[in-house]
Amino acid sequence: MAIRTILHYPDKRLREKAQPVTVIDDEIRKLAEDMAETMYAAPGCGLAATQIGVPKRLFVIDTATQDEPSALRVFINPEILHREGDTTWEEGCLSFPTVHEEVKRAARVKVRALGLDGKPFELEADGLLAVAIQHENDHLDGTLMIDRMSMLKRKMVTRKMEKRAQRGYKDQDEAST
Ligand code: NI
């Protein structure tokens, strides 16, 4: 396993539309393992392949709290079949370090995807898991959480991230924590 580099906004690769996974082979299994390791190391509760510069339709999620056993889920070629209700959640994203903003999403979703064993599964989710599924699924289409914010917040976050990129990512992180 290996920890991969997470792309930060405004990296243009975050806007790429990911392509479906055609075969679940050792390369995909290794990719999923690396993504899980990268997500846990960050730490974060979700990571899409797009965020490590691999434009494939695959994401990992683990919404277990610190006291709970890990609950890693791998979604390959996911498809959101149904959305219901509204919720507003304060979201973060590993591609937007230090940013936490409210985003409006569906409260409940039904998703279909392939697991690492190649078998299709369906899952109905609410709460954090539903939010994470929608957030990660967006990444596969090159959609970012700033696209779902008000114009004002979007401008604020975009400016912050662009300044951070100009200064060199690390310094800004240290300054704001
Ligand atoms: Ni994200």
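## Basis

In this predicted model, local features need pLDDT of at least 70 and side-chain atom pairs count only at pLDDT 80 or more, while totals for chains, interfaces and linings use all residues. Residues are numbered from 1 along each chain as its sequence is written, and side-chain values use heavy atoms, with hydrogens and water left out.

## The nickel site

Let's start with the metal. Cys93 (SG), His135 (NE2) and His139 (NE2) coordinate the nickel ion at 2.1 to 2.2 Å. Donors here are N, O and S atoms within 2.8 Å of the metal (3.2 Å for Na, K and Ca); water is not among the atoms, so sites may look incomplete. Along the chain, the donors follow the spacing C-x41-H-x3-H. Cys93 sits in the loop between strand E4 (87-91) and strand E5 (101-105), and His135 in helix H2 (residues 127-140), so this pair ties together parts 42 residues apart in sequence. Helices (H or I, at least four residues) and strands (E, at least two) are DSSP runs, numbered from the N terminus.

Cys93 and His135 are both buried; buried means under 20% relative accessible area, exposed over 50%, and partly exposed in between (1.4 Å probe, protein chains only).

## Salt bridges

The structure holds 17 salt bridges, each a side-chain nitrogen of Lys or Arg within 4 Å of a carboxyl oxygen of Asp or Glu. One of them joins Lys17 and Asp141 (2.9 Å, N to O). This pair links distant parts of the chain, 124 residues apart: Lys17 is in the segment before helix H1 (26-41), and Asp141 in the loop between H2 and H3.
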